[in-house]
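Reader: I would like to learn how to read a model of this kind feature by feature, beginning with the whole chain and ending with single residues. Could we go through it together?

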Amino acid sequence: MASELKSARGVLYLYGITESRSRKLPELIGVDRFAPIEAIDCDGVFSWISRVSADDFERNLARNMENLDWLAETSVAHQRVIAAISRETDILPTRFGTVFRTEESLCRHVAKRIRGLKKDFERIKGADEWGVKVFTIQPTALPMPRARTGKDYLKAKAALLPSRRSKASQRDDLVKFERALAGVATETAAAGNVSRGQRGISFQTSLLVKRTKRKRLESVLVKFAREWARERRIECTGPWPPYSFVSRPDDRVRSK
Amino acid sequence: MSAPTNAVVFAGDDPGDEMTLLDILDHVLNQGVILRGNVIISLAGVDLVYLGLDVILTSVETALRHVGAAALPPEK
């Protein structure tokens, strides 16, 4: 009986914190694809939570995260909840897997951080996060040249190769690109380490951009994409809730 | 953001857009508010790169199927 009671106990899964409580928010389902989202007033800010199983999200969370199907479904659900709230009001998103046992403990921890959270609300007001990646386009296979000797073969092959610019010149291109993006963004931050291993990636950054400057960001991206044409491909994802622009002890964000 | 040109790939603004699982994991696992305390489970130390990107990518379709999203765009 005791173990049944223990397994039925719920914990509070936290998605993020907002300054205001949106009235237009659609009905949302939480990371367990069952419980609805609720807003809890903590010290004048709102913590967005859903009540989830302690077995899945407290005791066995680390083990569940090794199950990639579970991790994929749950992380997508986490992002969808935060994205839906962020469409209505500015939100400070919480890192995946943050759970509290009671409303009191949640509010106590929010109260401890309230000054920092208020500063972060100012920092992200009216802005979204955008992710930008640059991929080097791999040259397609060249036709085999016909030649009588090895020397002729190498000469013929060299003639087929596209002219390669120096590495320094390519680095300069990326520096110019980074500067142009920084000119649009309020802040920039290092991108996460999961997609860093993608094949062909040569540059990656996260940008905090005011919604009023969105067109400018688009213009910069299009300009460089046209310049680079067949050399590189640019990918831009967003708008994201400002995951990379909340204060952390190991702050990697660079302010302008 | 709608795609203004084929030269740059935009994703994420429209409901039909796909943000890849890699991008989502980049954000939700590595970033975001950390409220420290003894009742919080923090997973800051998890480094998914060691799990292998190919393995993660195979989970994308499962994730999207379960959340009712559209199919992934074809591989480039």
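Reader: Among contacts in chain A between residues at least 6 apart in sequence, what percentage join residues at least 24 apart?

Author: Before the answer, note that this is a predicted model, in which local features need pLDDT of at least 70 and side-chain atom pairs count only at pLDDT 80 or more, while totals for chains, interfaces and linings use all residues. Residues are numbered from 1 along each chain as its sequence is written, and chains are lettered from A and ligands numbered from 1 in the order in which they are written. Two residues are in contact if their C-beta atoms, placed from the backbone, lie within 7 Å; among the contacts you describe in chain A, 77% join residues at least 24 apart.

Reader: How many helices and strands are there in chain A, and what share of its residues is buried?

Author: Helices (H or I, at least four residues) and strands (E, at least two) are DSSP runs, numbered from the N terminus, and chain A has nine helices and 10 strands. A residue is buried if 20 or more other C-beta atoms, placed from the backbone, lie within 10 Å of its own, exposed if 12 or fewer, and partly exposed in between; of the 256 residues in chain A, 37% are buried.

Reader: Which domains does the assignment give for chain A?

Author: Domain bounds come from an automatic or database domain assignment, which here gives domain 1 (2-124) and domain 2 (127-255) in chain A. Their contact takes 12 residues from domain 1 and eight residues from domain 2 of chain A. On the domain 1 side, the elements that give two or more residues are α4 (68-86), β4 (91-93) and α6 (114-124) of chain A, with the largest share, five residues, coming from α6(A).

Reader: Is α4(A) mostly covered or exposed, and what span should its residues have?

Author: The helix α4(A) is mostly covered, with 14 of its 19 residues buried. The expected span of a helix is 1.5 Å times one less than its number of residues; for α4(A) this should give 27 Å, and its end C-alpha atoms are 26 Å apart, which agrees.

Reader: Which strands are joined to β1(A) by bridges?

Author: Two strands pair if DSSP finds at least two bridges between them. Strand β1 (residues 10-18) of chain A is joined antiparallel to β3 (residues 45-53) by eight bridges, to β4(A) by three, also antiparallel, and to β5 (residues 99-100) by two, again antiparallel. Individual partners include A:W48 for A:G16, A:L92 for A:I17 and A:F100 for A:L12. Eight of the nine residues of β1(A) are buried, so this strand is largely enclosed by the rest of the structure.

Reader: Which residues touch the most other members of the largest nonpolar core?

Author: A nonpolar core is a set of buried Ala, Val, Leu, Ile, Met, Phe, Trp, Tyr and Cys residues joined through C-beta atoms within 7 Å. The largest has 64 residues, and those touching the most other members are A:L12, A:Y13, A:L14, A:I17, A:V209, A:L221 and A:I234. The largest share of this core, eight residues, comes from α4(A), and the core draws at least three residues from each of domain 1 and domain 2 of chain A.

Reader: Is A:F135 buried, partly exposed or exposed?

Author: A:F135, which lies in strand β6 (residues 127-136) of chain A, is partly exposed, because 18 other C-beta atoms lie within 10 Å. Not counting residues up to four places away in sequence, A:F135 touches several residues, among them A:G200, A:I201 and A:R232.
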